[in-house]
Amino acid sequence: RSLAREQAKITAWQQKRKAENASRALTKQSPLPEDEWQRLFKLPQEPGRLEFLLNGRQVEQYARQVDGFTAGVTGKMFAVRSNLLPEKME
């Protein structure tokens with residue numbers, strides 16, 4: 001998302017610079033450099049793969065903790081429920 005925002009800013013700046021150079025050409029002034037955007041704008045860097053790996057492992061660990069907790073609670077819930085319900089007489 002931020003990459004698209006930065007690219008939109010760069011495109012807008014380039015269009016503005018082209019229009020400015022066209023008006024300068026009409027007044028017989030030297031054009032301004034059009035590659036100056038590389039100094040003015042910095043494209044966001046792609047996050048490292050290590051960060052993705054660590055985030056994935058953290059989510060996996062949370063899922064294991066939730067699974068362990070719910071397994072114990074579910075077992076207790078069924079044990080209590082079976083004690084509270086009257087048994088069927090046959």
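## Exercises on a chain of helices

Lys9 has a relative accessible area of 45%, which makes it partly exposed. This residue returns in Exercise 2. The model is a predicted one, and every value below is computed from it.

**Exercise 1. Work out how Lys9 and Glu6 are placed in helix H1, and what joins their side chains.**

Solution. 
- Step 1: Find the spacing. The two residues sit 3 apart in helix H1, so about one helical turn separates them.
- Step 2: Check the side chains. Those of Lys9 and Glu6 meet in a salt bridge, with 3.5 Å from N to O.
- Step 3: Apply the cut-off. A salt bridge needs a side-chain nitrogen of Lys or Arg within 4 Å of a carboxyl oxygen of Asp or Glu, and 3.5 Å is the value for this pair.
- Step 4: Compare the surroundings. Lys9 is partly exposed at 45%, while Glu6 is buried, with 16% relative accessibility.

The general idea is simple: side chains of opposite charge can pair when their charged atoms come close.

**Exercise 2. Which residue forms a salt bridge with Arg17?**

Solution. 
- Step 1: Name the partner. Arg17 pairs with Glu36, and the closest N and O atoms are 3.1 Å apart.
- Step 2: Arg17 belongs to helix H1 and Glu36 to the loop between H1 and helix H2 (37-40); at 19 residues apart, they link distant parts of the chain.
- Step 3: Check burial. With a relative accessible area of 10%, Arg17 is buried.
- Step 4: Widen the view. Arg17, Glu36 and Arg39 are linked in a network of salt bridges.

**Exercise 3. Treat Glu60 and Arg64 in the way you treated the pair in Exercise 2, beginning with their salt bridge.**

Solution. 
- Step 1: Read the distance. The salt bridge between the side chains of Glu60 and Arg64 has an N to O distance of 2.7 Å.
- Step 2: Find the spacing. Both residues are in helix H3 (residues 49-84), and being 4 residues apart puts about one helical turn between them.
- Step 3: Glu60 is partly exposed, at 31% relative accessibility.
- Step 4: The structure holds 5 salt bridges.

**Exercise 4. How far from Arg24 is the nearest side chain of opposite charge?**

Solution. 
- Step 1: Locate the residue. Arg24 is part of helix H1 (residues 2-26).
- Step 2: Read the distance. The nearest side chain of opposite charge belongs to Glu20, 5.0 Å away.
- Step 3: Draw the conclusion. A salt bridge has to fall within 4 Å; Arg24 is buried yet has none.
- Step 4: List its contacts. Apart from neighbours within four places in sequence, Arg24 touches Gln29, Ser30, Pro31 and Leu32.

**Exercise 5. Which residues does Trp37 touch, not counting those up to four places away in sequence?**

Solution. 
- Step 1: Name the contacts. Trp37 touches Ile10, Trp13 and Gln14.
- Step 2: Take one of them further. Ile10 and Trp37 lie 27 residues apart in sequence, with their C-alpha atoms 6.7 Å apart in space.
- Step 3: Gln7, in helix H1, is 35 residues from Lys42 in sequence and 9.7 Å from it, C-alpha to C-alpha.
- Step 4: Step back to the chain. Among contacts between residues at least 6 apart in sequence, 48% join residues at least 24 apart.

**Exercise 6. Is Lys28 buried or exposed?**

Solution. 
- Step 1: Find Lys28 in the loop between H1 and H2.
- Step 2: Read its accessibility. At 76%, Lys28 counts as exposed, the cut-off being over 50%.
- Step 3: Check the backbone. Phi of Lys28 is near 60°, a positive value in a residue other than glycine.

How values were computed. Residues numbered from 1 in each chain as written. Predicted model: local features only at pLDDT ≥ 70, side-chain atom pairs only at ≥ 80, totals over all residues. Heavy atoms only, no water. Buried < 20%, exposed > 50% of the residue type's maximum accessible area, 1.4 Å probe, protein only. Lys, Arg positive; Asp, Glu negative; His and termini not counted. Contact = heavy atoms within 4.5 Å.
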